[in-house]
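Me: Could you walk me through the pocket in this protein and the residues around it? I would like the cut-offs along the way.

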Amino acid sequence: EFMIDRLVSKIMESNVFVVSHNDSCIIIDSGVEPDVIKKAVGDKTVEAVFLTHGHYDHCFYALEYQKMFGCQIFCAQQAKEYLQNPDYNYSEGKLKITHFSNFVFLNSNGKIDLKDFNVEYHLLGGHSKSDMCYMVDGEIFVGDILIGRDMGRVDLYGGDKLKMKESLEILVEKNYSIMHSGHGKDNSKSVQDKVAKLWIKFLSR
């Protein structure tokens with residue numbers, strides 16, 4: 001049985017998800033304070049950290065999580081450009097990663113088989129060049145592509161209306177039960193399909 005805990009950053013109001021199965025877990029995004037994450041993980045083994053995109057509120061503590069748990073960090077190849085440049089990750093100079101030996105960069109789409117998890121990934125775009133969604137046990141993690149009734153901003157570095165439209169179309173096609181976003185609460189596929197279709201219409205004008 002899979003368990004998903006949603007934790008919210010006190011400062012940045014972004015979500016981090018701890019997905020547990022047996023005695024292991026994976027962590028999606030890394031904007032929540034390390035002490036909170038450590039408590040949520042408890043005695044479980046962290047098999048990996050996954051980043052949905054390269055903005056600071058979703059990857060600020062990535063290296064601290066990595067050190068704490070000794071696991072690898074998976075993200076889109078395109079995230080590297082964001083992680084090493086504070087102007088692109090919007091951290092006002094606070095986040096600049098220069099060593100990437102513990103990172104695994106992903107391209108387009110595929111599947112990662114860990115000990116207790118099969119994670120499907122799909123490169124999206126629209127909010128940033130580095131948007132990556134992940135599917136675990138029929139539930140999807142989409143970062144800031146869709147946030148409740150809103151689509152993610154397309155006016156930041158690497159944002160793109162056309163790519164956002166394509167990403168929303170991909171999400172409508174995907175078969176999942178629950179969508180977990182980078183901010184706010186979880187929603188069902190039926191709710192998010194309606195929202196996505198409205199934004200697709202809006203972006204098609």
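**The pocket and its surroundings**

Reply: Happy to! The largest pocket is lined by His55, Tyr56, Asp57, Asn89, Tyr90, His127, Asp144, Ile147, Gly152, Arg153, Leu156 and His183. On a 1 Å grid over the protein atoms alone, a pocket is an open set of points where a 1.4 Å probe fits, with protein on both sides within 12 Å along at least five of seven lines, and lining residues have an atom within 4 Å of a point. This is a predicted model, where local features need pLDDT of at least 70, side-chain atom pairs count only at pLDDT 80 or more, and totals for chains, interfaces and linings use all residues. Residues are numbered from 1 along each chain as its sequence is written, and side-chain values use heavy atoms, leaving out hydrogens and water.

Me: How much space lies in the largest pocket?

Reply: Grid points are joined across faces, edges and corners, and the volume is the space filled by probe spheres set on them. For the largest pocket, this comes to about 220 Å³.

Me: Is His183 buried or exposed?

Reply: His183 sits in the loop between S13 and S14, where strands are DSSP runs of E with at least two residues, numbered from the N terminus. Buried means under 20% relative accessible area, exposed over 50%, and partly exposed in between (1.4 Å probe, protein chains only). Because His183 has a relative accessible area of 18%, it is buried.

Me: Which residues is His183 in contact with, leaving aside its neighbours within four places in sequence?

Reply: Contact means heavy atoms within 4.5 Å. With those neighbours left aside, the partners of His183 are Met12, Glu13, Ser14, Asn15, Asp57, His58, Asp144 and Ile147.

Me: And Gly184: which residues is it in contact with beyond four places in sequence?

Reply: Gly184 is in the loop between strand S13 (178-181) and strand S14 (187-188). Its 35% relative accessibility is why Gly184 counts as partly exposed. Apart from neighbours within four places in sequence, Gly184 is in contact with Arg6 and Asn15.

Me: What percentage of the 205 residues of the protein count as buried?

Reply: The C-alpha atoms fill a box of roughly 50 × 40 × 30 Å along the principal axes. Of the 205 residues, the buried share is 52%.

How values were computed. Helix = DSSP H or I, 4+ residues; strand = E, 2+ residues; numbered from the N terminus.
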